[in-house]
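Student: I would like to learn how to read a model like this one. Can we go through it feature by feature?

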Amino acid sequence: NHDWNRRQFTAKMIEDWNPRTAEHRKAIERIKPGLVDLNNKQQFKELTKAEAEKIYDSEPGSDDWELRFHLIELLNYFEYIAACHYNGVTDETMLNESFRNVVIMWHKVLYNFIDVFEKKRLC
């Protein structure tokens, strides 16, 4: 029964991916084209350190300010996925098959933002 519950919980997480992240992914792509979708060379764009700092230090009301909070909301969902996985409440196979590639891709794209966010939050 425990395994069944873990599979059901993981299936619900997979089902919730679009409803919980679509608004943020659309806003991110609108403000910073290329972060969500592959470019014409089939590569993802990555935020530079300078872009990440500009976004983090942005002024309220600017596009970068809006982008900052959409990035944080998306990262919060990834934190939810990671916490569920770490605490063993998901089916590992299902979770890996559904989220592994997307989490790795977003980590590459947002590596500098994550780094800037962590350093500036700790100050």
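**Reading the model**

Tutor: Contact means heavy atoms within 4.5 Å. This is a predicted model, where local features need pLDDT of at least 70, side-chain atom pairs count only at pLDDT 80 or more, and totals for chains, interfaces and linings use all residues. Residues are numbered from 1 along each chain as its sequence is written, and side-chain values use heavy atoms, with hydrogens and water left out.

Student: Where is E51 found, and is E51 buried or exposed?

Tutor: E51 is in helix 2. Helices are DSSP runs of H or I with at least four residues, strands are runs of E with at least two, and both are numbered from the N terminus. Buried means under 20% relative accessible area, exposed over 50%, and partly exposed in between, with a 1.4 Å probe and protein chains only. E51 counts as buried because its relative accessibility is 19%.

Student: What does the side chain of E51 reach?

Tutor: It reaches the backbone nitrogen of T48, at 2.8 Å. A polar contact is a pair of N or O atoms within 3.5 Å; within protein, one must be able to donate a hydrogen and the other to accept it, and residues adjacent in sequence count only if both atoms are side-chain atoms.

Student: What is the secondary structure of the protein?

Tutor: Four helices and zero strands. Along the sequence the pattern reads α-α-α-α. The C-alpha atoms fill a box of roughly 50 × 40 × 20 Å along the principal axes. Of the 123 residues, 37% count as buried.

Student: How do I read a nonpolar core?

Tutor: In soluble globular proteins, nonpolar side chains tend to be buried together. A nonpolar core is a set of buried Ala, Val, Leu, Ile, Met, Phe, Trp, Tyr and Cys residues joined through side-chain atoms within 4.5 Å. Here the largest has 27 residues, and those with the most contacts inside it include M13, L71, W106 and F113. Helix 1 (2-31), helix 2 (49-56), helix 3 and helix 4 each supply at least two residues of this core. Helix 4 gives the largest share, nine residues.

Student: Which residues does W106 touch?

Tutor: Not counting residues up to four places away in sequence, W106 touches R25, I28, L35, V36, L74 and F78.

Student: Why does T21 count as buried?

Tutor: T21 counts as buried because its relative accessibility is 0%. T21 lies in helix 1. Beyond residues up to four places away in sequence, T21 touches L74 and Y77.

Student: By class, what lines the largest pocket?

Tutor: Twelve nonpolar, four polar and three charged residues. Ala, Val, Leu, Ile, Met, Phe, Trp, Tyr, Cys and Pro count as nonpolar, Asp, Glu, Lys and Arg as charged, and the others, Gly among them, as polar. Helix 4 supplies the largest share of the lining, eleven residues.
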